[in-house]
Amino acid sequence: MKAVRVLIALRISNETDASTSLERQLQDCTAYVNERQHLGWQVVGVARDAHISATKSHPFQRPELGEWLNNRAPEFDLLLFWKMDRFVRKVVDMQDMIKWATAHGGKALVSVKEPVLDMIGPFRHVIIDLFAAIAETEAQNISMRVKSFQSYTKSKNVWAKGNPPYGYESFRDTDSAMRLRIRENQRKIIREMYKRVVEDGDPYSTICDDFNTRGVPSPAGERMSERRKKNGTPMPVWRSRTITNILRSETILGWKCEEVKIPGKKYGVSQAILTSEGKIRMADPILTDDEWAKLQDEMNGRPGAARRSTKNTTAYRGVVLCGGCGKNLYLFNPERQQGKPVYRCNKSANRDSCGKGYAFRAEKVEKLVETMILGTIGDFPMHERHYVKGSNNSQRLREIEEYVSELQRSLRPGGKNSSGFAKKATEEEIAALYEEHDSLAAEGDKPDRYEYRDTGETFRHMWERNKGNEVERTRHLLKAGITIRLNPLTKGISNTTDFGGEVDLGNRSEPFTIH
């Protein structure tokens, strides 16, 4: 009996939900597999994805499940999940998974809590599409109910959603409504930030460094779950943008605010909600109106930080790395460099520096990348990766041996194929089966695997074909696992045009690939 290799996929949006916790899902999934051990089922891996929304995150994009789907597909035959809504919440996502499963050797998708949802049966596609539609409809209904409630409470003096703004905490009032009140330890931090910005003139970065050194929990740090702390997740630190967001929000004046999206940006700004009766008072203010005015004047008078490039993406991001910490370099247009763009370590920009703070002039970075890539691997052939379903030749060999024995018995004197045309045809059939047997025996069993096929193109051809298209060039380099680390050639100089790079060709046990 061929073993059925099972990958268990676990997902949850909020780890505090005990009814569908990852442990509960794993327990039920493991029991489900144990009940089917007689069918050859065995667990080969568990993909745990916590704090992941199924509505916002496709299975291929999840940290652990995505790694299995994208790079470890030959290692399992069946994907087992607790319920449909723990796996996907969109019909199109489920359809993508069905196509992927079919293209990767006919893998099965199975739900523990919904026995009818099983890709082993003849009507598997119809059933799975139906359940995916139900899951998507439920997700839309939940979203609609939440938005309706938030719209109703938007103009009310109640707190109806999410984490309270920094400086405040939620509580249930005498009329059973949720409202806000000052949180004393956070009020002291805001008052300290005000004094250090307005009276002492401290840079935001200095305040961040001091808070982090003193162990003052950042807003994200205070909200961090005990489970993540126990798992060793690093505590979120203070950053300059964290401070400016707090000090520019009118929530510290006690007003009810909302985030207003900035066109063309992924983030927004906090803005007080206005009604026909004016602003909505949610709690006592932490700063007075005069203090607020002084604070805004001081912040508006400070020089702007480095501007990120107006390009949608940094060219060669993920390929060009900082020689100090090995992290990505990002394209910046800092004013203090007279508008000349530089590649800079983003960790340094966010006050979590690698200790180097390197910045490299962009025009030379792009020339250096081209020179090093073409000089190192320009004439290397490029390959495409394809999934190949393995073969179980042992089973076929046994079938041939049994059938040949049966045919040989029919050739014995008195047998049904012992003379005439039947005898000749049977002998020819036996000879053909022997030939197939010898071929399969020499080949042996082959597992599911990836095979690499030559595209007939070198990296130089790819580079020239995509002239002016850094995004496509970057995609090929990332898939090939190639990186370049940049380091200044002059010791002690961080912002420089005098630098070099080292090419890392990655794991060369496999050919370069553009899969």
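Student: Among contacts in the chain between residues at least 6 apart in sequence, what percentage join residues at least 24 apart?
Tutor: The chain belongs to a predicted model, and its 515 residues include 40% that count as buried. Taking contacts between residues at least 6 apart in sequence, the share that joins residues at least 24 apart is 63%.

Student: How many helices and how many strands are there in the chain, and what is its mean pLDDT?
Tutor: The chain holds 17 helices and 20 strands. As for confidence, 82% of the residues reach a pLDDT of 70 or more, and the mean pLDDT of the chain is 81.

Student: Over which residues does pLDDT stay under 50?
Tutor: One such stretch has 17 contacts beyond four places in sequence in the model, and this is 305-312. Where pLDDT is low, the predicted coordinates should not be read in detail.

Student: In what order do the four strands of the open sheet lie, and which are the edge strands?
Tutor: The pairing in this open sheet is parallel, and the order of its four strands is β2-β1-β3-β4. Neighbouring strands are turned by 25° against each other on average, direction ignored. Pairing on one side only marks the edge strands, which are β2 (41-50) and β4 (108-111).

Student: Which residue of β4 is the bridge partner of Phe-81?
Tutor: Strand β3, residues 78-81, runs parallel to β4 and is joined to it by four bridges. Within this pairing, Leu-79 stands opposite Leu-109, while the partner of Phe-81 is Ser-111.

Student: Which residue in β3 does Val-6 stand opposite?
Tutor: Strands β1 and β3 run parallel and are joined by four bridges. In β3, the residue opposite Val-6 is Leu-78.

Student: Are the residues Leu-78, Leu-79, Leu-80 and Phe-81 of β3 buried or exposed?
Tutor: Leu-78 and Leu-80 lie on one side of β3, with Leu-79 and Phe-81 on the other. Both faces of the strand are covered, and these four residues are all buried.

Student: At about what angle does helix α1 run to β1, and what angle does the direction of α2 make with that of β2?
Tutor: Helix α1, residues 22-34, lies across β1 (4-12), β2, β3 and β4, and its angle to β1 is about 160°. Helix α2, residues 63-71, packs on the sheet by touching β1, β2 and β3, and its direction makes with that of β2 an angle of about 135°.

Student: Why is Arg-48 described as partly exposed?
Tutor: Arg-48 has its place in strand β2, and its C-alpha atom is separated by 5.0 Å from that of Leu-10, 38 residues apart along the chain. Leaving aside neighbours within four places in sequence, Arg-48 is in contact with Leu-10, Leu-22, Leu-26 and Glu-64. Because partly exposed covers the range between the buried limit of 20% and the exposed limit of 50%, Arg-48 falls in that class with a relative accessible area of 35%.

Student: Which element gives the largest share of the largest nonpolar core?
Tutor: This core has 30 residues, of which Met-193, Trp-238 and Ile-243 touch the most other members. The elements giving two or more residues to this core are α6 (184-199), α7 (204-214), α10 (240-248) and α11 (289-301). The largest share amounts to five residues and comes from α6.

Student: Which residues does Ile-243 touch, not counting residues up to four places away in sequence?
Tutor: Ile-243 is one of the residues that touch the most other members of the largest nonpolar core. With residues up to four places away in sequence not counted, Ile-243 touches Met-193, Tyr-204, Ile-207, Cys-208 and Trp-238.

Student: At roughly what angle do the axes of α6 and α7 cross?
Tutor: Residues of α6, including Ile-189, Met-193 and Val-197, meet a set in α7 that includes Tyr-204, Ile-207 and Phe-211. The crossing is right-handed. The two axes come within 10 Å, and the angle at which they cross is roughly 145°.

Notes. Residues are numbered from 1 along each chain as its sequence is written. This is a predicted model: local features need pLDDT of at least 70, side-chain atom pairs count only at pLDDT 80 or more; totals for chains, interfaces and linings use all residues. Side-chain values use heavy atoms; hydrogens and water are left out. pLDDT is the predictor's confidence in each residue, from 0 to 100. Contact means heavy atoms within 4.5 Å. A nonpolar core is a set of buried Ala, Val, Leu, Ile, Met, Phe, Trp, Tyr and Cys residues joined through side-chain atoms within 4.5 Å. Buried means under 20% relative accessible area, exposed over 50%, partly exposed in between (1.4 Å probe, protein chains only). Two strands pair if DSSP finds at least two bridges between them. Axes are lines fitted to C-alpha atoms, for helices over the stretch in contact, and angles run from 0 to 180 degrees between N-to-C directions. A crossing is left-handed if the near helix is turned anticlockwise from the far one by less than a right angle, and right-handed if clockwise.
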